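Welcome, and please take a moment to look over the model below before reading on.

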Amino acid sequence: MDHTQENEILVATQTYSVERPIYSYPALHGKLHKKDKVPDPIGDKIKRALSCTPKKIRNIIYMFLPICKWLPAYKPREYVFGDFVSGISTGVLHLPQGLAFAMLAAVPPIFGLYSSFYPVILYCFFGTSRHVSIGPFAVISLMIGGVAVRLVPDDMYVGGGGANSTNGTEERDAMRVKVAMSVTLLSGIIQFCLGVLRFGFVAIYLTEPLVRGFTTAAAVHVFTSMLKYLFGVKTKRHSGPFSVVYSTLAVIANVKKLNICSLVVGLMCFALLLGGKEFNERFKNKLPAPIPLEIVAVIIGTGISAGFNLEESYKVDVVGSLPLGLLAPATPDSSLFHLVYVDAIAIAIVGFSVTISMAKIFAVKHGYQVDGNQELIALGICNTIGSLFQTFSISCSLSRSLVQESTGGNTQLAGCLASLLILLVILAIGFLFESLPQTIWLTTFVSSLFLGLDYGLITAVIIALMTVIYRTQSPTYTVLGQLPNTDVYIDIDAYEEVREHAGIKIFQINAPIYYANSDLYSNALSRKTGVNPALIMAARRKVLKKHAKELGTKGKPQSSVVKVDAEAGGEEDAKQEEQIEENAKPMTIDSLVQKTFPEELERFLPPGPNVHTMILDFSQVNFIDSVGVKTVSGILKEYGDVGIYVYLAACSAQVVNDLTRNRFFENPCVKELLFHSIHDAVLGAKVREALAQQEALAPPPEEDSEPITDPET
């Protein structure tokens with residue numbers, strides 16, 4: 001019988017006996033005494049709220065101007081190269097997307113470049129995400145275009161042909177720009193006000209499945225609206241219900257008038273982008289950065305169009321005039337607000353939801369935090385101020401953000417550099433792209449679609465808002481303690497008699513754990529218990545880095561270096577053998593917890609709670625969905641990485657089924673973390689720690705030695 005089996009038998013045979021009366025609610029509370037809580041006088045609250053201290057001022061500045069916090073901490077040696085490569089790569093993608101998404105917004109292409117410049121600069125100062133790429137986004141552009149076409153239809157200004165038709169087109173475009181600016185200003189004001197009023201919690205309702213639904217539907221709308229550019233036919237732009245059907249039927253009705261040259265150029269660019277995507281995916285580990293096929297397609301398409309004069313010879317529609325220079329600021333037309341306020345609200349919410357969803361993904365991946373309220377303020381400032389410079393509403397582009405992060409971007413400076421590339425195009429070389437065929441717009445969009453636009457939102461948001469109850473989204477979180485000499489665990493803040501067990505924190509939620517409160521649950525766990533694994537890990541890394549630096553300055557004996565070099569080959573074989581032995585060992589709950597931090601360095605860590613076990617009380621959790629299961633799995637990993645066990649207590653049969661269905665028990669040893677009651681979990685933790693102390697104090701086992709025999713005997 002091995003040591004593991006002995007421990008399992010020892011734990012299984014542990015029993016406990018409790019003698020106590022049967023407590024009814026009156027009987028129990030008759031033995032308890034409420035803590036006297038004297039509320040602070042109103043004058044003290046007002047004085048504290050209005051007090052002005054250097055620390056408070058600094059925190060306010062950091063809150064509204066995040067650049068004041070991250071820029072002084074910028075590490076040039078570590079960040080400059082990655083930000084430079086990322087900025088160039090993202091800027092290269094900004095150009096074709098800015099031009100293409102301006103067409104979706106029903107405004108001239110140059111305004112897409114303006115929207116790729118001003119908001120990106122502003123976000124560098126006010127945004128909290130280091131990796132999202134702010135600028136034109138297909139979904140938002142489509143929504144802007146829907147408003148512009150609805151209020152300024154083609155037949156309002158354009159009719160007939162010749163000079164009158166040209167003048168009508170210019171008047172139509174100018175009016176659509178006014179509409180786009182008004183919608184952008186109003187949506188920016190809405191976002192800014194929501195951020196100031198701390199309405200960032202609305203992002204909770206905009207979960208990943210919801211965002212996927214909306215953007216998938218939007219991708220279909222975008223695709224159908226761009227078909228006429230691929231086939232080179234002239235059709236009226238449709239908006240409103242069934243616009244997808246109308247746009248498709250219009251293209252089919254005019255298919256006899258298709259422009260073969262336009263179709264060929266579009267298909268060639270599409271093949272180039274699709275083949276390039278596969279090439280980048282196959283050789284992504286060998287390439288320092290993905291090859292920017294979008295700009296290659298733009299350059300080739302522009303060269304072919306200008307060289308063969310496709311516009312005049314084959315009637316291929318091109319981008320047209322791209323005036324150099326920046327426009328003077330102009331005030332949007334506020335008289336249009338009453339016509340566009342509903343669309344502005346939708347654009348404000350959708351733009352924020354896409355941005356915060358992408359920002360959270362990168363924040364979790366790279367170990368930092370984003371502030372939903374500040375993101376609302378940042379987007380509001382970008383749209384409000386940007387509208388004064390003729391930009392349309394912006395958001396986070398999924399495809400550009402993936403490029404910015406995957407090419408090594410570390411801070412917001414990568415986006416700032418990308419905007420400077422767009423400024424170069426606006427001021428100096430924009431005329432080079434005037435001959436670019438419009439059919440490239442479809443292929444550019446399709447490349448973006450492959451990278452990110454495969455998701456969805458609006459219908460699911462409405463359903464979610466109708467079904468989510470405020471109580472479940474804002475539950476009560478409680479830290480429990482034991483009523484001495486009983487197995488009763490109640491709120492430690494409510495009663496004087498309640499005591500906590502040393503090294504054990506018990507955390508309770510009185511609601512189901514699902515997509516609307518899963519983020520709040522993990523945040524409340526670290527806040528209420530005072531145990532934040534991210535801070536613990538950061539402190540340990542700092543100590544290890546300092547310790548390694550000290551060892552490096554002291555130097556090592558030359559003999560040890562020679563020994564290491566000599567044994568390098570043997571160590572690899574030894575590591576492989578150790579890995580095989582490790583895989584052969586039976587899995588236990590100890591494999592879920594990392595205990596690699598050197599004990600001799602523990603004294604260098606800042607003082608903090610000495611906790612070895614977190615117990616999550618699920619007695620009041622009646623269900624948990626897939627998002628909640630992922631959150632709990634993340635909690636197990638985060639706390640396990642810093643040497644803290646996480647137990648689940650008092651799970652109902654329904655909750656266990658939910659956990660099983662969502663593959664929470666994919667690792668079989670995770671089932672050992674479930675306990676029938678809180679008291680069982682507490683005793684299990686104490687037994688585990690007692691066994692660990694016994695093993696630590698036990699002398700190391702002596703190795704079996706074979707008797708040495710004389711070969712001559």
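Let us begin with the whole. What you see is a predicted model. The protein contains 30 helices and eight strands. It has 713 residues, and 45% of them count as buried. Now take the contacts between residues at least 6 apart in sequence: 84% of these join residues at least 24 apart.

Next, find the sheet. Six strands form an open sheet with mixed pairing, and their order is β4-β3-β5-β6-β7-β8. At the edges stand β4 (489–491) and β8 (674–675); each has a single partner strand, so one side of each lacks a neighbour in the sheet. Strands of a sheet pair through backbone hydrogen bonds, and they can do so in a parallel or an antiparallel way. Both ways can be found here. Strand β3 (residues 477–482) pairs with strand β5 (residues 504–509) in the antiparallel sense, over four bridges. In this pair, Y477 has I509 of β5 as its bridge partner. By contrast, β6 and β7 pair in the parallel sense over five bridges. To locate that pairing, look for D617, which stands opposite A649 in β7.

Stay with β7 for a moment. Is this strand largely enclosed or left open? Five of the five residues of β7 are buried, so the strand is largely enclosed by the rest of the structure. In a regular strand, side chains alternate between the two faces of the sheet. You can follow this along β7: Y645, Y647 and A649 point one way, while V646 and L648 point the other way. All of these residues are buried.

The axes of helix α24 (residues 518–529) and helix α28 (residues 626–640) come within 9 Å and cross at roughly 25 degrees. The two are therefore roughly parallel to each other, and α24 passes α28 in a right-handed crossing. On the α24 side the contact is made by S518, Y521, S522, L525 and S526, and on the α28 side by V627, G628, T631, I635 and Y639. By class, this contact has five nonpolar, five polar and no charged residues.

Now move to another helix pair. Helix α9 (residues 138–151) and helix α17 (residues 337–366) have axes that come within 10 Å and cross at roughly 175 degrees. This pair is therefore roughly antiparallel. From α9, the contact takes in V139, I140, M143, I144, V147, R150 and L151; from α17, it takes in L339, V340, D343, A346, I347, V350 and G351. These residues divide into 11 nonpolar, one polar and two charged.

Finally, visit two loops. Most residues other than glycine have a negative phi. R198 has a positive phi, near 60 degrees, and is not a glycine. You will find R198 in the loop between α11 (162–196) and α12 (208–231). Q390 has a positive phi too, of about 65 degrees, and lies in the loop between α18 (372–387) and β2 (395–396).

Key: Residues numbered from 1 in each chain as written. Predicted model: local features only at pLDDT ≥ 70, side-chain atom pairs only at ≥ 80, totals over all residues. Heavy atoms only, no water. Axes fitted to C-alpha atoms, helices over the stretch in contact; angles between N-to-C directions. Parallel < 35°, antiparallel > 145°, perpendicular 65-115°, else oblique. Left-handed = near helix turned anticlockwise from the far one by under 90°. Contact = heavy atoms within 4.5 Å. Nonpolar A, V, L, I, M, F, W, Y, C, P; charged D, E, K, R; others polar. Pairing = 2+ DSSP bridges. Buried < 20%, exposed > 50% of the residue type's maximum accessible area, 1.4 Å probe, protein only.
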